[in-house]
Amino acid sequence: MQRVRKLIVLTTAGLILAGCQTNQVISLQSAPGASEQNVQQAPVPDPAVSAPDTQQQAKTADLADLWQLTRQHMQLDLDNDDPRLQAQFDWYKKHPEYMQRVATRASRYYYYILGEVLKRDMPAEVALLPIVESAYDPFAYSHGRASGPWQFIPGTARHFGLKSSWWYDGRRDIVASTDAALTYLQQLHQRFDSWELALAAYNCGGGNVSKAIRRNKKKGLPTDFWSLDLPKETRAYVPKLLAVSRLVRDAQQHNLNLQPLANEPVFEQVELDSQIDLAQAAQLSSITTQELYQLNPGFNRWATDPDGPHRLLVPASTAEQFRSRLAALPAEQRVNWTRHKISKGETISTIAQHYKTTSSVIREANKLSGNNIRAGKYLLIPSAKHESGEYSLSQSQRFSRKQNQLAQSNRNKVSYQVKQGDSFWKIAKNNNVSVRELASWNQMAPGDPLRAGQTLSIWKTEANQGLSRSDQQLIRRIGYSVRSGDSLYTIADRFRVSINDIKRWNKLEKSKYLQPGQRLTLYVDITKAR
């Protein structure tokens, strides 16, 4: 594990952690016996002042609150008199309960994110951007397929190295997504030499901002953000952040009671050298699996990704305990291993389905180069150590909950026997459901092979059935504007919901065609939608 000194001091004279500058980081020797850990790094008050006076003591007390620290490092023009900014500010000011709710949600992550922003010498307002993007909800998902606290779409996520696999989605990883978002914003700022334009480009793309600048230049018009003709959403996006920032800055003046956030680490990063069962990791850290998933929302399943990232975020208060207990636990005991005897007719995919894992995991665990297996031989299968209920936000737990809900709802279960030449696409189309949902109903992936004679479960819904209650952590209600060329089938497949559900949610008649611009309401599982 990399050894990193605890960063414990920053003066208010601008000693901000910045990777590309010469600002100093003041560190003190650890107390005898104290270990050096990889912790969240953010500025904290400097106690090493000779003969501190009353004013200095007040300043130090202020820096103990992250909101006050944010105010001291704001750099943007929050007092612009543009009507768009004033309209957004009026809305946030009239909804203090929203700001308080978001601030509470942010408390788990804000120390880390603000620290990363200040390390890069970026405006402190950037640390408030997840309020606009996701309301500081790492499980947030949008109609544009953006996910995570910084709302990355799949293409941009891949460009910035955010991994996505069956086990893990880096867009929801607090550390990985924050690093990618800040790097992206810095690149945009370098390109446009304006934080307002960089923020606009983060929302609508650098190409759209560049085009708007070129149009204004041709007309002899100013090229600042407020003068550009940008998409409607973007024209409101930057004012939203400035309005939120102004309200945080002037919270006392506008009677907004923001609960103080202590300027101290909430979590620490712990490096792992192997895959670990998340319920077991929670026990090692003396927290619930729910809390562990909230700190590590990037993990989809019951364990960390065997291919990495090999790290966990655990509460700072129990990090030492976790490290000590982890060191005493051999790697082979961090997940369960089941010895499975291969039966005639079984394939790696059917075995993976049975054990709620993937074919690739079985191949890797048994050092298989392909899918050929022989009846009578044995395979080692990694599996969860606890009952599925322990994995509160895992895919398998959601699946079990969904099956129970389906069985107790007005849905009718239909058993379908696979015929020669059948495919998921063909069966889904004939039954007016999505390929993704058909696969998930049967604990399979859409790419898994079907065998003639195999029985699939298909859940039919009544046209007027209401939305069943599901995991509120992962199901999101989103609005979707129909695009040219869209059909119920393509929308259902994109968001991995059923056609019947779309009709039911929107009270669509069977014969009604979709029109471009038509608004639909969808209820989407963020870990399944593409």
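**Figure 1. Ser 147 and the residues around it.** Ser 147 touches Ala 140, Tyr 141, Phe 152, Asp 169, Arg 171 and Arg 172, leaving aside residues up to four places away in sequence. Here, contact means heavy atoms within 4.5 Å. Ser 147 sits in the loop between α6 and α7 (154-159). Helices (H or I, at least four residues) and strands (E, at least two) are DSSP runs, numbered from the N terminus. With a relative accessible area of 0%, Ser 147 is buried. Buried means under 20% relative accessible area, exposed means over 50%, and partly exposed is in between (1.4 Å probe, protein chains only).

A quick note before the next view: this is a predicted model, in which local features need pLDDT of at least 70, side-chain atom pairs count only at pLDDT 80 or more, and totals for chains, interfaces and linings use all residues. Residues are numbered from 1 along each chain as its sequence is written, and side-chain values use heavy atoms, with hydrogens and water left out.

**Figure 2. Phe 322 in helix α14.** Look for Phe 322 in α14, which covers residues 319-327. Phe 322 is buried, at 0% relative accessible area. Its contacts, again without residues up to four places away in sequence, are Val 270, Leu 272, Ala 281, Leu 284, Ser 285, Leu 312 and Val 314. Ser 286 is 36 residues from Phe 322 along the chain, and the C-alpha atoms of the two are separated by 8.2 Å.

**Figure 3. Backbone angles to look out for.** Most residues other than glycine have a negative phi, and most peptide bonds are trans. Tyr 136 is not a glycine, yet its phi is positive, near 60°. Like Ser 147, Tyr 136 belongs to the loop between α6 and α7, and Tyr 136 counts as buried at 1% relative accessibility. Lys 367 also has a positive phi, of about 55°, without being a glycine. You will find Lys 367 in the loop between α16 (359-365) and β4 (378-383), where Lys 367 counts as exposed at 76% relative accessibility. Finally, Gly 308 and Pro 309 are joined by a cis peptide bond, with omega about 15°. Pro 309 lies in the loop between α13 (289-295) and β2 (311-315).

**Figure 4. The second largest pocket.** On a 1 Å grid over the protein atoms alone, a pocket is an open set of points with protein on both sides within 12 Å along at least five of seven lines, while a cavity is a set where a 1.4 Å probe fits but cannot get out; lining residues have an atom within 4 Å of a point. Grid points are joined across faces, edges and corners, and a volume is the space filled by probe spheres set on the points. The volume of this pocket is about 1100 Å³. Its lining has 34 residues, and Glu 133, Ser 142, Gln 151, Asn 203 and Glu 233 lie nearest the centre. Helix α11 gives the most to this lining, with 5 residues. By class, the lining holds 19 nonpolar, 9 polar and 6 charged residues. Ala, Val, Leu, Ile, Met, Phe, Trp, Tyr, Cys and Pro count as nonpolar, Asp, Glu, Lys and Arg as charged, and the others, Gly among them, as polar.

**Figure 5. The second largest cavity.** The whole structure has 2 cavities of 30 Å³ or more. The lining divides into 6 nonpolar, 2 polar and 2 charged residues.
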